[in-house]
Amino acid sequence: VQLVESGGHLVKAGGSLRLSCVASGSTFSINHMGWYRQAPGKQRELVAAISSGGNSTNYVDSVKGRFTISRDKAKNTMYLQMNSLKPEDTAVYYCNAEIDELGLRFNVWGQGTPVTVSS
């Protein structure tokens, strides 16, 4: 499985962005997925996660009510709608997928897409 993110950009505080993560390869082996971010000098953190069926989501407290994670399995694509962006949301955003291949589980990462929020 390969993951490719897009949608990162420079935006003013209060603005919105939608990130996309397109999966290719053995997409049938993907379980849950998530968006992570890593700001300069900080550890990578989980921002939002979504279950295999898309009916269960969870968010880090700092983005609750502002970000929405979703996935379109027919398009092999996961999204992160980000509204009311704040300068502290500035980071490189990474797509992650848990893969289950005949009981062997591992994680796959995308290359990241940068988001910069100016004040």
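One disulfide is present in the structure, which is a predicted model. The bond joins cysteine 21 and cysteine 95, with a distance of 2.0 Å between the two sulfur atoms. The partners come from distant parts of the chain, 74 residues apart: cysteine 21 belongs to strand E3 (residues 17-24), and cysteine 95 belongs to strand E9 (residues 91-101). A disulfide is a covalent bond between the sulfur atoms of two cysteines. The torsion about the S-S bond of cysteine 21 and cysteine 95 is about -70°, and the disulfide is therefore left-handed. Both cysteine 21 and cysteine 95 are buried.

The secondary structure consists of 11 strands and zero helices. Read from the N terminus, the order of elements is accordingly β-β-β-β-β-β-β-β-β-β-β. Strands E3 and E9, which carry the two bonded cysteines, belong to this series. Among the contacts with a separation of 6 or more, 53% are between residues 24 or more positions apart.

In overall dimensions, the C-alpha atoms of the protein occupy a box of roughly 45 × 30 × 25 Å along the principal axes. The radius of gyration is 14 Å; because a compact globule of 119 residues would have a value near 14 Å, the protein agrees with that expectation. Of the 119 residues, 40% are buried.

The relative accessible area of alanine 48 is 0%, and because buried means under 20%, alanine 48 counts as buried. Beyond the neighbours within four places in sequence, the contacts of alanine 48 are Met33, Gly34, Trp35, Asn58, Tyr59, Ile69 and Leu80. Alanine 23 is 25 residues from alanine 48 along the chain, and the C-alpha atoms of the two are separated by 17 Å.

Conventions
Residues are numbered from 1 along each chain as its sequence is written. This is a predicted model: local features need pLDDT of at least 70, side-chain atom pairs count only at pLDDT 80 or more; totals for chains, interfaces and linings use all residues. Side-chain values use heavy atoms; hydrogens and water are left out. Helices (H or I, at least four residues) and strands (E, at least two) are DSSP runs, numbered from the N terminus. The radius of gyration is taken over C-alpha atoms; the globule rule is 2.2 Å times the number of residues to the power 0.38. Buried means under 20% relative accessible area, exposed over 50%, partly exposed in between (1.4 Å probe, protein chains only). Contact means heavy atoms within 4.5 Å. A disulfide is a pair of cysteine sulfur atoms within 2.5 Å.
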